[in-house]
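Work through the exercises below with the coordinates open. Try each task before reading its solution.

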2 protein chains.
Amino acid sequence: MTANIASPNMSLDLDRIRAAHERIRPYVKRTPVLTSSRLDDASGASLFFKCENLQRIGAFKARGATNAVFALDDATAKRGVATHSSGNHGTALARAAKLRKIPAHIVMPKNSTKVKVRAVESYGGHVVFCEPTQSAREAACADVIAKTGATLIHSFENEDVMAGQGTAAIELLEEVDVDLVICPIGGGGLLCGTAVAAKSMRPTIKVIAAEPANADDAAQSFHAKKRIVTEKKFTIADGLRTNVGERNFPIIQRYVDDVVTVSEEAIVAAMRTIWETMKIIIEPSAAVPYAAMVEGEIDISGKRVGIILTGGNVDLDALPWIV
Amino acid sequence: MTANIASPNMSLDLDRIRAAHERIRPYVKRTPVLTSSRLDDASGASLFFKCENLQRIGAFKARGATNAVFALDDATAKRGVATHSSGNHGTALARAAKLRKIPAHIVMPKNSTKVKVRAVESYGGHVVFCEPTQSAREAACADVIAKTGATLIHSFENEDVMAGQGTAAIELLEEVDVDLVICPIGGGGLLCGTAVAAKSMRPTIKVIAAEPANADDAAQSFHAKKRIVTEKKFTIADGLRTNVGERNFPIIQRYVDDVVTVSEEAIVAAMRTIWETMKIIIEPSAAVPYAAMVEGEIDISGKRVGIILTGGNVDLDALPWIV
């Protein structure tokens, strides 16, 4: 039942995710799995929402960053950690570093919102501003690492991060038995951890990824069977704008059953439905799996469906349905 | 430890609340108790939030109405139930009646919002409109009862309702040990059930009620040691506008340690803080206990504090911090 289906020489497997789970247990929440009879009726399925919006720092990213930081040996850890992130991973890394009492350097584009900068700083993270381009972010991060000896903790192309993100799926499947799991895809850290955990614990489970049609590089790549980097249109699901990672894509090809896309309208509608019906706050990226069900992209009829609600960090002064 | 401190001839006691808990178990959720290290840091206490906003129909009212409906004998139940309510109790009663397959007549002021009317109707409740005055509500309800033989299920002056509402406190105290419990007060149904359950399970616990300063009849009554009915100013905490019930007040005098009041500004600020920090949606009435802590009305320093978050039914198009 819980056989480890990854071959021993693969670096991301169920053992590694279970080890991550033990490692991060003192520092993250076991989030509740919530249900809604209204949404069950509306969808014709039984839905189980793993509420990572209720996780520390308001997102599943607390899991991966904490695992990566606590997996470092003492000598390496002492030199600190670094990353480039304008979102939840930066906050999660700053928090994890604070817990381990080591420095964290977070490279952020200089047009980042004050809320995000303040979140990193509230955990004692050292913010390094850069121009808002991918190359500037990477250069600034390399520079910090050269100067400090800090270890790069990439937000998704890092097996310890992927293993940490996969711990949410372990908890979900310990609590409920489901026929499929739906998970948003940005860089693929959560998806890789989720897919390896789920397929290892329940070999017959289906794992479906969902992404905005306006940032559909993962769907294109999955169907073309090769990694395609695309120009992105704007999507409100800001956590999913990134391209799928080079180290993530082969894992996705092996363990994920399908990648589907959703419209911007469906994302906003799904977000509002979940707020209104479940009385919880989710960010647009977290609404993408439910949006995919509503748009009929996934066959869920009569099935038991696990959905990872990835985060709840939203600007309450700028809700997408209020103009 | 769980001695029943109410005398045998009193109608609301721990046995009755435990019986209610058994009776409603198949029909309501055991809601999670959530914590927030940020709010613990901010308050200097350990806070345990019993999330009745995540309850069926989005409020604790599901508990009391379900208990009252399922406590009826078959012959009485068959004739249906009735109430006057412009809020969550009406929805809760309609839902409970539907579960028992009996009619529910809900008297609502004709200026009720469409959302509230639709909520009652979505559970098959029969809505009877009346003029928006207390006397018109009572007259319309008496009229329905005379015509149909339905049983009045008052939203708070009913011991089965109070017993049902008290089941949230049982679950809270089964899960965590606390020094005090803070609970909002409107009519007093939740407060009576909570106070009797809490004091019976843990005789040393303190039970504090909180209400808007703009609807402070319970605080006035408590301190004057006699029930005072007041003219209300407007409060955003619409669930707490009512006067404390005649049958509720003696129970409150006996079991509640203090009643404190809060400003409108503090209610809105507390609501936003909980949304932002905990990623859950609560209605203004549910924010009143946290507002009381922020305004320094309650000595919580270093204590373990249980807070009942009563509901999450909010118009998402009209948030109080967006003008």
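**Domains and their contact**

Chain A is divided into domain 1 (14-60 + 159-309) and domain 2 (62-152); these bounds come from an automatic or database domain assignment. This is a predicted model: local features need pLDDT of at least 70, side-chain atom pairs count only at pLDDT 80 or more, and totals for chains, interfaces and linings use all residues. Residues are numbered from 1 along each chain as its sequence is written, while chains are lettered from A and ligands numbered from 1 in the order in which they are written.

**Exercise 1.** Find which helices of chain A supply at least two residues each to the side of domain 1 that touches domain 2.

*Solution.* 
- Start with the centres: over C-alpha atoms, those of domain 1 and domain 2 of chain A are 24 Å apart.
- Next, count the contact. Domain 1 of chain A gives 21 residues and domain 2 of chain A gives 15. Two residues are in contact if their C-beta atoms, placed from the backbone, lie within 7 Å.
- Now assign the helices (DSSP runs of H or I, at least four residues, numbered from the N terminus; strands are runs of E, at least two). The answer is H1 (14-24), H8 (159-165) and H9 (167-175) of chain A.
- H8(A) has the largest share, six residues.

**Exercise 2.** Compare the radius of gyration of chain A with that of a compact globule.

*Solution.* 
- The rule is 2.2 Å times the number of residues to the power 0.38, and the radius is taken over C-alpha atoms.
- Along the principal axes, the C-alpha atoms of chain A fill a box of roughly 55 × 50 × 40 Å.

**Exercise 3.** Is strand S9 of chain B largely enclosed or open?

*Solution.* 
- Four of the five residues of S9(B) (residues 258-262) are buried, so the strand is largely enclosed by the rest of the structure. Buried means that 20 or more other C-beta atoms, placed from the backbone, lie within 10 Å of the residue's own.
- S9(B) runs parallel to S8(B) (residues 206-212), joined by five bridges.
- Ala210(B) has Val260(B) as its bridge partner in S9(B).

How values were computed
Buried ≥ 20, exposed ≤ 12 C-beta atoms within 10 Å, placed from the backbone. Pairing = 2+ DSSP bridges.
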